[in-house]
Amino acid sequence: MRIESRDQFEALRKQSLEIETNRKQQVLVCCGTGCLASGSKEVAEAFADEIAKRSIDATVDLFVKSTGCHGFCERGPLVVLNPQGILYTKVKAGRVEEIVEKTLVGGEVIPGLLYKDPVSGERVEQYEEVPFYRHQVRVAMRNIGRIDPTDILDAIAQGSYSGVAKVLFEMSPHEVIGEVATSGQRGRGGAGFNTARKWQSCKDAPGERCYVLCNGDEGDPGAFKDRSIMEGDPHSVLEGMIIGAYAVQANEGWIYVRDEYPLAVVNLTIAIREARKYGLLGENIMGSGFDFDIKISRGGGAFVCGESSALMRSLEGKTGEPRAKYVHSTDKGLFDLPTVLNNVETWAGIGAIIERGGAWFASMGTERSKGTKAFSLVGKVKNTGLIELPMGTTLRHIIYDIGGGILKDRPFKAVQTGGPSGGCVPEELLDLPVDYEELTEAGSMMGSGGMIVMDDRTCMVDVSRFFLAFLEEESCGKCTPCREGLKQMLHVYGRIIAGKGQAGDLELIEKLAAGMQLGSLCELGKSAPNPVLSTLRYFRSEYEAHISDHACPAGVCRELTAFEIVEDGCDGCHLCYKACPVDAITGVVKELHVIDHEACISCGACLDVCPTDTIRTFPKHELEKAEVV
Amino acid sequence: MPTLKVNGRRVTVDSDATLLDAARAAGVEVPTLCQFDGLEPWGGCRLCVVDMSQANWDDDWFKVVTACNHPVDEGMTVITDSDRIIETRRVVLDLLLARCPDTPLIQQWALEYGIEQTSYTPNPDPDDCILCGLCTRVCDHIGVSAISSINRGWGREIAPPFNQPPPDCIGCLACAEICPTDCIPFETSNVRRKIWGKEFEMLRDPKTGEAVITKEQAEHFAERSGVPMTYFETSDRSKRREMAKTFEKLQVVK
């Protein structure tokens, strides 16, 4: 079983590929966290039951594979039928028998299960033709959805660990770093540091040993790309780490995984165990003489542990707090020894770079940001999910062509990129090509690759407060500007949102933001003012309306907003009546409904359900004026 | 030994010196709250920020760093009083004044930077702890680690484990002594000592009867140093007497 030479590896790969190609009928069931929550496990089991039944009459040679996340979580559970290439969306276990009977036995497509394009309204049969997938270019996510993450032979059949064989038997560590340098790949964790340069620094640093680490502590609200990679293709991460370890000549590595990612922990554990069993990890990998092993460390639940110095402290068993990084971790990192720490997505791309060449990777993307990037597309967009695209793709293309546009076709307002400390990019910058520099110039950042799309029903003051509140909760409290600054920033936001903002509040926020940017110890505090400053830059009038007019233009801030039903639009559908949590709406079916302002808590539930768009918001203080009159 | 410029003054320091050492050597004052000679720099209070430019950087390119833990390098330029540095320190002090509005140390520093009253919302329930971390760091340094910081963010505080009298505490009072705002309460008498809710019995000098040290502290030091317990139980006065006796016995050789 243990691979002792390159020939043995190639033989195993060939054999695995043959098994794979000989499977006449494959059913791929997405078992990523998103689809699992929608019941995909039951779907996979139902297919397995069908196999058991069908094997008696042997009409279909069926093979069911539970794969990682296909990305299109919005439409889950997803089922792909190969070789037909058919994608079925929102599949329930109850329909499995029908799928087997009609499509697999009868060769007939079930239109109701196909994806319906929200733009054209047409049903799309082929997986590859669905706009959500058609525009994507997958590098880090190349095998996700295609392989069973718990089956190492399936991964090997698709090319996993071929890069390891290549570097161990054909390349010197120097050549490996050279190839990665040609690719121009930069860190996918957000800061965008050049991968090859990081490796080279570590290799050059004096020290008796060195380490390679993988940062899987993804914690941004709305980001799930690293989770999906670790769950769906843990082998790509291991492969990248083995190659990196060979390049810097490290023998030990750790994957620091967020403990709230149980499936990622399970799949990585299985992958490591399998890789060790086949001699792809541990001593004398593939008989090459190179030793390298990986351990998993489960994070303790602090967001700041995703910061490199805090992550290393946490791995050492100390309190996960950042420390000043005037000495690079490539010189003095884990246990004060030279350390390479890369993000999950960075590691996942390495195998492909080695296999297909750095020049191939560098042929995609922009001048300064090469290759592809994974994004978690969420918020008020029709097709939410996980996508991977060449750098330099415009926001408009991402949101409208892949995301299918804004929910209910409402107007677009802003997109928040880069996680809680990213910024909000407004409509006038929709044609911005997404790369590290362009986003930074726009006052935002690449960060974790999170993209939260917002429509006109979003108050930018409220949104900024949300991100500040998240960061305030996650600040470790070691340094003054971050610990005290976020708290005080929230105080000011609290009064602005309550309509009690004062003249000078915006200047106070700006002064504090500058102090935090310059004074904070780590990137959490330094970048925490980003959402504040970017919304002040693009949506300042909205802040001013809150302060001087005591009005929330988006009609979101509860203390400033009142609701009413427009007389001639209401058709008495009664939906708002049912939605109101405090029974503030009166009216009978097919007659005009009325909101009782006294009882209304301004939650907006009625507006969200109104099919005729006849509920309008207005500043609360107009109510008081009306009373006076 | 690298030579660098601090506010235009040339100064040569040891290669393992920090920017703070260099500034002090150049006679330039840099304010600090969490720095203490002999303890590893921590970089938490952020009051010692300075503008720094490496020799090979563009002339007008400066980076804001903390002086207490940044290493020196040949040809560096350090500026401790640029507008943005003063402004950043002002924000830090303004924020600390909101947390500790009644603490004299913070009031004085704030006043020095022109702040009489905080611009922010004052802490409704203030104490004098500025979370400089000196107490926990000195405790770690002594090898005890009886107290640590708990919670995170604004709710961070210094406490013994589970807010119970800390089993590891040796009653040495180093935390209370090092505290720049004297906010760690303790009681000590000739018989008993109490800190962090833990009571200690004092070891007394067998000859003079003076209280010298807690039993736990003597044991901790004896174990770490290999010096016998009796040394720690002896008061300074007794030690001097012993030495005087030794001298009396000495014969002067002519």
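# Reading a two-chain model, feature by feature

Q: C573(A) is partly exposed, with a relative accessible area of 33%. How do I read that value, and where is the residue placed?
A: Before we start, keep in mind that this is a predicted model. On the scale used here, buried means under 20%, exposed means over 50%, and partly exposed is in between. That is why 33% puts C573(A) in the middle class. Its place is in the loop between β16 (residues 561-565) and α24 (residues 575-579) of chain A.

Q: Where does A191(A) lie, and is A191(A) buried or exposed?
A: Look in the loop between α8 and α9 (residues 195-204) of chain A. A191(A) counts as exposed because its relative accessibility is 75%.

Q: What about E20(A): buried or exposed?
A: E20(A) sits in helix α1 of chain A. With a relative accessibility of 12%, E20(A) counts as buried. To see its surroundings, set aside the neighbours within four places in sequence; E20(A) then contacts Q26(A), K65(A), D154(A) and Q158(A).

Q: Which residues of helix α7 of chain A are buried?
A: Start with the general idea: an α-helix has 3.6 residues a turn, so residues three or four places apart point the same way. In α7(A), residues 162-170, the buried residues are S162(A), G163(A), V164(A), A165(A), V167(A) and L168(A). Their cover includes α1 (6-22), α8 (173-183), α11 (234-248) and α14 (344-356) of chain A.

Q: At what angle do α1(A) and α7(A) cross?
A: Their axes come within 11 Å, with a crossing angle of roughly 160°. Angles over 145 degrees count as roughly antiparallel, and therefore α1(A) is roughly antiparallel to α7(A). The crossing is left-handed.

Q: Which residues of α1(A) and α7(A) meet?
A: From α1(A) come R6(A), F9(A) and R13(A), and from α7(A) come S162(A), A165(A), K166(A), F169(A) and E170(A). Sorted by class, this contact has 3 nonpolar, 1 polar and 4 charged residues.

Q: Which residues make the contact of α2(B) with α3(B)?
A: Begin with the geometry in chain B: the axes of α2 (residues 83-99) and α3 (residues 104-112) come within 9 Å and cross at roughly 150°. This crossing is left-handed. On the α2(B) side the contact is made by L93(B), L96(B) and L97(B), and on the α3(B) side by I106(B), Q107(B), W109(B) and A110(B). By class there are 6 nonpolar residues, 1 polar residue and no charged ones.

Q: How many residues does each chain bring to the contact of chain A with chain B, and how much area is buried there?
A: The size of an interface is often given as the accessible area lost when the parts come together. Between chain A and chain B that area is about 2,600 Å², with 56% coming from carbon and sulfur atoms. Chain A brings 30 residues and chain B brings 32. Y326(A), R483(A) and L518(A) supply 26% of the area that chain A buries against chain B, more than any other three residues.

Q: What is phi for D409(A) and for S602(A)?
A: Phi is near 50° for D409(A), a positive value in a residue other than glycine. D409(A) lies in the loop between α16 (395-402) and β13 (412-417) of chain A, and its relative accessibility of 60% makes it exposed. S602(A), not a glycine either, has a positive phi of about 55°. Find S602(A) in the loop between β18 (594-595) and α25 (605-609) of chain A; with a relative accessible area of 3%, S602(A) is buried.

Key. Residues are numbered from 1 along each chain as its sequence is written. Chains are lettered from A and ligands numbered from 1 in the order in which they are written. This is a predicted model: local features need pLDDT of at least 70, side-chain atom pairs count only at pLDDT 80 or more; totals for chains, interfaces and linings use all residues. Side-chain values use heavy atoms; hydrogens and water are left out. Axes are lines fitted to C-alpha atoms, for helices over the stretch in contact, and angles run from 0 to 180 degrees between N-to-C directions. Helices (H or I, at least four residues) and strands (E, at least two) are DSSP runs, numbered from the N terminus. A crossing is left-handed if the near helix is turned anticlockwise from the far one by less than a right angle, and right-handed if clockwise. Contact means heavy atoms within 4.5 Å. Ala, Val, Leu, Ile, Met, Phe, Trp, Tyr, Cys and Pro count as nonpolar, Asp, Glu, Lys and Arg as charged, and the others, Gly among them, as polar. Buried means under 20% relative accessible area, exposed over 50%, partly exposed in between (1.4 Å probe, protein chains only). Angles under 35 degrees count as roughly parallel, over 145 as roughly antiparallel, 65 to 115 as roughly perpendicular and the rest as oblique. Buried area is the accessible area (1.4 Å probe) that two parts lose on being put together, summed over both.
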